[in-house]
Amino acid sequence: MTSSENIKSTADMTLLKRGFGDVELPDIPDVPGMIKREEGQYLYWLGSNLYTGRGAAIEIGTWLGKSTLHLAAGLSSNRLANKLVCYDHFQWAGGANWSSKAKSPRTLEAGDDFMQDFLDNVADYSDLIDARRSKIENIEFDADNIELLILDAPKRAADIFAVMNGVADKVIPGHTIIAWQDFLHPASFEIPAVLADMAAFQTPAHIVDDGTMVGFQVEKRWTAADVTKAALGFRNWSLEECSVAWESWRSIVPTAAWPSFQSGLSMLLHDNGMIDEACRLLETIIDDKLCKARWQKWRKTSIPARYPRLFEAKFVDRTA
Ligand SMILES: C[S@@+](CC[C@H](N)C(=O)[O-])C[C@H]1O[C@@H](n2cnc3c(N)ncnc32)[C@H](O)[C@@H]1O
């Protein structure tokens, strides 16, 4: 891939690089993971092509190490000695037993400590990885500068707020990349909501074609007051403010993902008490194939309890 390939200018945003599916990967250990192949390619590209060592490379939310391995493989290929600092609370959340596919399979129960499983999985790159156990709100960022920040744990405003505050005086304007996994995942709508209010500070730079990860470049440093406004503001947005915020992302969201991305807006409207408006919006997007599939899948999660009106039979077939 050449540096000019796929670079597009969008209506309001800075230059974007879209699509990382042709990034060639070396042999990377196959461990369980929640990221898609192209997201792994993007992470590898960040480590191998973009990282210069001017600041720390930090990942928050490693799970069993798939994203970590792609980043570490990238860093190792550019021969910089800097370690990738990895934070996670390493507490098993329960659900499917993904660990059965791990290198050292064992059954994990909700609440189990999986730090050793992570360390076993990333052992090939152990000299490049500095794993630290911490809850998001307790992370103490000790690097002077941060060049790469890969986020796959903070999805809700309080956690986003904690991370943005922690790194505020460490990001490098015009240089730091913050990769937000799940930016395009509708149930993580608090990420695009907060970032809409931080548009002056970080702007989209990289978008994967197949996945939900978006990389933002830091444009200028923010203060604690800026983050407070961004983290709290969207809860009081009017219908117009919610719509304007979502519309501001239209030019970067892949066209096929736009209806599904708007599902997040319907959840935000519902949260903000505009339930009829949320239903009306859902009515206009629910026939989109990707959108419908998502809502059907959510029937078996905790989402219907939070958004009962959006799960009425006219939108989501409860018998399918
Ligand atoms: C979506 S998974 C990460 C997936 C991983 N990046 C991959 O490639 O498969 C989210 C991770 O964040 C961690 N996490 C969630 N909430 C957290 C919190 N409050 N503090 C620290 N870690 C947390 C979980 O333990 C989990 O490992």
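I take contact to mean heavy atoms within 4.5 Å. That is the sense I use for N82, which is in contact with Y51, G53, G55 and L128, leaving aside its neighbours within four places in sequence. The model I am reading is a predicted one.

**Entry 1: N82**

I started with N82 and asked where it sits. I found N82 in the loop between α2 and β4. Then I looked up its accessibility. N82 has a relative accessible area of 28%, so it is partly exposed. N82 and G53 are 29 residues apart along the chain, and their C-alpha atoms are separated by 6.7 Å.

**Entry 2: the whole protein**

Next I stepped back to the overall numbers. I counted 11 helices and nine strands in the secondary structure. I noted a box of roughly 55 × 45 × 40 Å, taken along the principal axes, for the C-alpha atoms.

Of the 320 residues, 53% count as buried. Then I looked at contacts between residues at least 6 apart in sequence. In that set, 70% join residues at least 24 apart.

**Entry 3: F216**

I moved on to F216. It belongs to strand β9, residues 214-218. Buried or exposed? F216 has a relative accessible area of 0%, so it is buried.

I listed what F216 touches, not counting residues up to four places away in sequence. The list includes T176, I177, I178, W180 and F183. It also includes L195, Q202, T203, P204, A205 and W249. I checked H206 as well. F216 and H206 are 10 residues apart along the chain, with 6.7 Å between their C-alpha atoms.

**Entry 4: L195 and helix α5**

L195 is in helix α5. Its relative accessible area is 1%, which means that L195 is buried. Setting aside neighbours within four places in sequence, I found L195 in contact with W180, F183, Q202, F216 and W249. From L195 to W249 I read 10.0 Å, C-alpha to C-alpha, across 54 residues of sequence.

How many residues of α5 are buried? I got seven of its eight, so I wrote down helix α5 (residues 190-197) as mostly covered. The buried ones are E190, I191, P192, A193, V194, L195 and A196.

Most residues other than glycine have a negative phi. I noted two residues that go the other way.

W63 has a phi near 50°, a positive value, and is not glycine. I placed W63 in the loop between β3 (56-60) and α2 (66-77). The cut-off for buried is under 20% relative accessible area. W63 is at 15%, so W63 counts as buried.

F90 is not a glycine either, and has a positive phi of about 50°. I placed F90 in the loop between β4 (84-88) and α3 (115-121). F90 is at 0% relative accessibility and therefore counts as buried.

**Entry 5: α4 against α6**

Now the helix pairs. I took helix α4 (residues 157-167) and helix α6 (residues 224-233) and read a packing angle of about 165°. Their axes are 10 Å apart. Angles over 145 degrees count as roughly antiparallel, and α4 and α6 are therefore roughly antiparallel to each other. The crossing of α4 past α6 is right-handed.

Which residues make the contact? From α4 I noted A157, F161, M164 and N165. From α6 I noted A224, V227, T228 and A231. I sorted the α4 and α6 residues by class: six nonpolar, two polar and no charged.

**Entry 6: α8 against α9**

My last pair was helix α8 (residues 258-271) and helix α9 (residues 275-285). Their axes cross at roughly 165° and come within 8 Å. That makes α8 roughly antiparallel to α9. I recorded the crossing of α8 past α9 as left-handed.

On the α8 side I listed P259, Q262, S263, L265, S266, L269 and H270. They meet I275, E277, A278, L281 and I285 in α9. By class, the contact of α8 with α9 has seven nonpolar residues, four polar and one charged.

Note on methods: Residues are numbered from 1 along each chain as its sequence is written. This is a predicted model: local features need pLDDT of at least 70, side-chain atom pairs count only at pLDDT 80 or more; totals for chains, interfaces and linings use all residues. Side-chain values use heavy atoms; hydrogens and water are left out. Axes are lines fitted to C-alpha atoms, for helices over the stretch in contact, and angles run from 0 to 180 degrees between N-to-C directions. Helices (H or I, at least four residues) and strands (E, at least two) are DSSP runs, numbered from the N terminus. Angles under 35 degrees count as roughly parallel, over 145 as roughly antiparallel, 65 to 115 as roughly perpendicular and the rest as oblique. A crossing is left-handed if the near helix is turned anticlockwise from the far one by less than a right angle, and right-handed if clockwise. Ala, Val, Leu, Ile, Met, Phe, Trp, Tyr, Cys and Pro count as nonpolar, Asp, Glu, Lys and Arg as charged, and the others, Gly among them, as polar. Buried means under 20% relative accessible area, exposed over 50%, partly exposed in between (1.4 Å probe, protein chains only).
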